[in-house]
Amino acid sequence: GLVLKSVQEFVPAPEYTACGYKSMNKEFRLENALEHVLVRDDRGITALYPPSWTHDVSFWVKDGFDDEGFVSLARGIEAVVEVELFDSVQRSALPSSAVKADVSDAFVETRTYRVTYRS
């Protein structure tokens, strides 16, 4: 794919002529025109506005779960730009019907982290 490397003022070469769309009498406007420089994304260049995605990840944790360790581990991945604790619920606050039978009693809390990735 292509990524946007830069946007700059379009300065046409002296021999440049605007012929318009399909040779119709509609010339491209050159006043205040911008030039968008695109490069292949396999060259290791970071895009000017790289796409990003946000995902919520939920899981059960045991007592003494190392929150800082998890955040540090996630941020160690190059594409991850942000990790935040979005929600947490104690098992005791949930009705028993909300917890699947195969979830061990050792898991005392469910946590949801919002993770933002950027390419």
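Visitor: Let's start with Arg111: buried or exposed?
Guide: Arg111 is buried, at a relative accessible area of 14%. Buried means under 20% relative accessible area, exposed over 50%, and partly exposed in between (1.4 Å probe, protein chains only). Keep in mind that this is a predicted model, where local features need pLDDT of at least 70, side-chain atom pairs count only at pLDDT 80 or more, and totals for chains, interfaces and linings use all residues. Residues are numbered from 1 along each chain as its sequence is written, and side-chain values use heavy atoms, with hydrogens and water left out.

Visitor: What does the Arg111 side chain meet in a salt bridge with Asp67, in terms of N to O distance?
Guide: The N to O distance between Arg111 and Asp67 is 3.6 Å. A salt bridge here is a side-chain nitrogen of Lys or Arg within 4 Å of a carboxyl oxygen of Asp or Glu. Arg111 sits in strand E5 (residues 107–118) and Asp67 in helix H1 (residues 67–75), so this pair ties together parts 44 residues apart in sequence. Helices (H or I, at least four residues) and strands (E, at least two) are DSSP runs, numbered from the N terminus.

Visitor: And Asp67, how much relative accessible area does that one have?
Guide: Asp67 has 26%, which means that it counts as partly exposed.

Visitor: Which residues are in the salt-bridge network with Arg111?
Guide: The network links Asp67, Glu109 and Arg111. Glu109 meets the Arg111 side chain at 3.2 Å, N to O. Glu109 is buried, with 9% relative accessibility.

Visitor: How many salt bridges are there in the whole structure?
Guide: A search of the whole structure turns up 4. One of them joins Arg91 and Asp105, with the closest N and O atoms 3.6 Å apart. Arg91 is in the loop between strand E4 (80–90) and E5, and Asp105 is in the loop between E4 and E5, so the pair ties together parts 14 residues apart in sequence.

Visitor: Arg91, buried or exposed? And Asp105, buried or exposed?
Guide: Arg91 is buried at 18% relative accessible area, while Asp105 counts as exposed at 66%.

Visitor: Switching to aromatics. How many pairs does the structure hold?
Guide: There are 6 aromatic pairs. Take Phe10 and Tyr16: their ring centres are 5.6 Å apart and the planes meet at 75°, so that pair is edge-to-face. Phe70 and Tyr113 have centres 4.6 Å apart and planes at 50°, so theirs is tilted. For the terms, rings of Phe, Tyr and Trp (its six-membered ring) pair if their centres lie within 6.5 Å; planes under 30 degrees apart are stacked, over 60 edge-to-face, and the rest tilted.

Visitor: Are Phe70 and Tyr113 buried or exposed?
Guide: Phe70 is buried, and Tyr113 is too. They also belong to one aromatic cluster with Phe59 and Phe65.

Visitor: What about Phe10 and Tyr16, what is their accessibility?
Guide: Phe10 is partly exposed at 21%, and Tyr16 is partly exposed at 39%.

Visitor: Let's zoom out. Which pattern does the protein follow along the sequence?
Guide: The order is β-β-β-α-β-β. The radius of gyration is 26 Å, well over the 14 Å that the globule rule gives for 119 residues, so the protein is more spread out than a compact globule. The radius is taken over C-alpha atoms, and the rule is 2.2 Å times the number of residues to the power 0.38. Along the principal axes, the C-alpha atoms fill a box of roughly 75 × 30 × 20 Å.

Visitor: How much of the protein is buried?
Guide: Buried residues make up 19% of the 119. One of the buried residues is Ala18, at 16% relative accessible area, and Ala18 is found in the loop between strand E1 (2–9) and E2.

Visitor: Last topic, the surface. Which residues make the nonpolar patch?
Guide: Val7, Leu34, Leu48 and Tyr49 make a patch of about 420 Å². Leu34 is in strand E2 (residues 34–40) and counts as exposed at 53% relative accessibility. Patches use residues with over 30% relative accessible area and no salt bridge, joining like charges within 9 Å and nonpolar side chains (Val, Leu, Ile, Met, Phe, Trp, Tyr) within 5 Å. Areas come from the Shrake-Rupley method with a 1.4 Å probe; for residues, only the protein chains shown count as cover.
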